[in-house]
Amino acid sequence: MGYKMGLNGVDNAKLTFDHVRVPIDNLLDKFSQLSEDGVLTSDMKSTRARFLAVADQLLAGRICIASMCIGGAKASLAIAVKYSATRLTVGGKGKSDTAILSYQLQQHALLPLLARTFALNIGLDRVKRKWAEQIPEDHLEVVAMCCALKPICSWHLENLVSVCRERTGGQGYLSCNRFGTSSG
């Protein structure tokens with residue numbers, strides 16, 4: 001599909017076939033079977049159950065995307081907080097001796113994002129542990145956590161990168177800060 005704006009570690013592809021016949025012996029049939037005369041049979045009686053069984057195979061990908069988002073959030077915050085702690089502006093004495101991080105406006109923009117990143121990281125670690133060590137009784141909980149955490153981490157990264165870019169002023173537009181590659 002080509003190079004993306006961010007999260008290029010996720011491999012997406014489009015595959016199309018035109019006038020191709022796949023021999024019945026070559027069909028993927030872990031959950032359903034197709035007979036020679038075209039009759040579909042499955043141990044899973046509902047279409048939804050078959051869909052969910054196939055979708056379960058995507059859980060590892062959801063965890064990876066959430067992990068990449070948290071990694072991007074950490075990198076972006078490290079850049080923005082370091083910039084804010086070292087960028088001096090005019091302080092109470094009329095000299096450029098006060099870091100912009102000492103101002104509440106900067107703190108109120110960055111510190112809640114830092115706290116949320118910590119919280120999401122803790123949640124992500126729990127999901128990874130539950131996924132790696134899952135037992136059948138926990139499967140639905142693991143599925144729910146994976147499906148919830150991926151978009152939450154993605155939305156968090158999208159917002160965080162925008163705020164960090166804004167809070168670093170003109171420096172935020174420089175490609176060396178990687179804000180553009182962190183958003184996806």
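Trainee: Where is S84 found?
Mentor: S84 is in helix α2, which covers residues 59-86. Keep in mind that this is a predicted model.

Trainee: Is S84 buried or exposed?
Mentor: S84 is buried, and its relative accessible area is 0%. That counts as buried because the cut-off is under 20%.

Trainee: Which backbone oxygen does the side chain of S84 reach?
Mentor: The one of A80, at 2.8 Å.

Trainee: And what is S84 in contact with, leaving aside neighbours within four places in sequence?
Mentor: A99, I100, L101, Q106, L110 and R167. A99 belongs to strand β4, residues 96-99.

Trainee: OK, β4 then. Which strand does β4 pair with?
Mentor: Strand β3, residues 88-90, in the antiparallel sense over 3 bridges. V90 stands opposite S96 in β4. The two strands form a hairpin with 5 residues between them, and G94 in the turn has a positive phi of about 80 degrees.

Trainee: Switching to charges. How many salt bridges are there?
Mentor: The count comes to 4. One of them joins the side chains of E141 and R126, at 3.5 Å from N to O. E141 lies in helix α4 (residues 139-167) and R126 in helix α3 (residues 104-132), so this pair ties together parts that are 15 residues apart in sequence.

Trainee: What does K130 form salt bridges with?
Mentor: K130 forms one with D138, where the closest N and O atoms are 3.3 Å apart. K130 also forms one with E141, with the closest N and O atoms 3.4 Å apart. K130 lies in α3 and E141 in α4, so that pair ties together parts 11 residues apart in sequence. Through shared partners, R126, K130, D138 and E141 are joined into one network.

Trainee: Back to helices. Which residues of α1 are buried?
Mentor: In α1, residues 47-55, the buried ones are R50, A53 and A55. What covers them includes β2 (40-41) and α2.

Trainee: Last one: which residues make the nonpolar surface patch?
Mentor: L15, F17, V20, V22, L27, L34 and L40 make a patch of about 710 Å². V22, for one, lies in the segment before β1 (33-34).

How values were computed: Residues are numbered from 1 along each chain as its sequence is written. This is a predicted model: local features need pLDDT of at least 70, side-chain atom pairs count only at pLDDT 80 or more; totals for chains, interfaces and linings use all residues. Side-chain values use heavy atoms; hydrogens and water are left out. Patches are made of residues with over 30% relative accessible area and no salt bridge: like charges are joined within 9 Å, nonpolar side chains (Val, Leu, Ile, Met, Phe, Trp, Tyr) within 5 Å. Accessible areas come from the Shrake-Rupley method with a 1.4 Å probe; for residues, only the protein chains shown count as cover. Helices (H or I, at least four residues) and strands (E, at least two) are DSSP runs, numbered from the N terminus. Two strands pair if DSSP finds at least two bridges between them. Buried means under 20% relative accessible area, exposed over 50%, partly exposed in between (1.4 Å probe, protein chains only). A polar contact is a pair of N or O atoms within 3.5 Å; within protein, one must be able to donate a hydrogen and the other to accept it, and residues adjacent in sequence count only if both atoms are side-chain atoms. Contact means heavy atoms within 4.5 Å.
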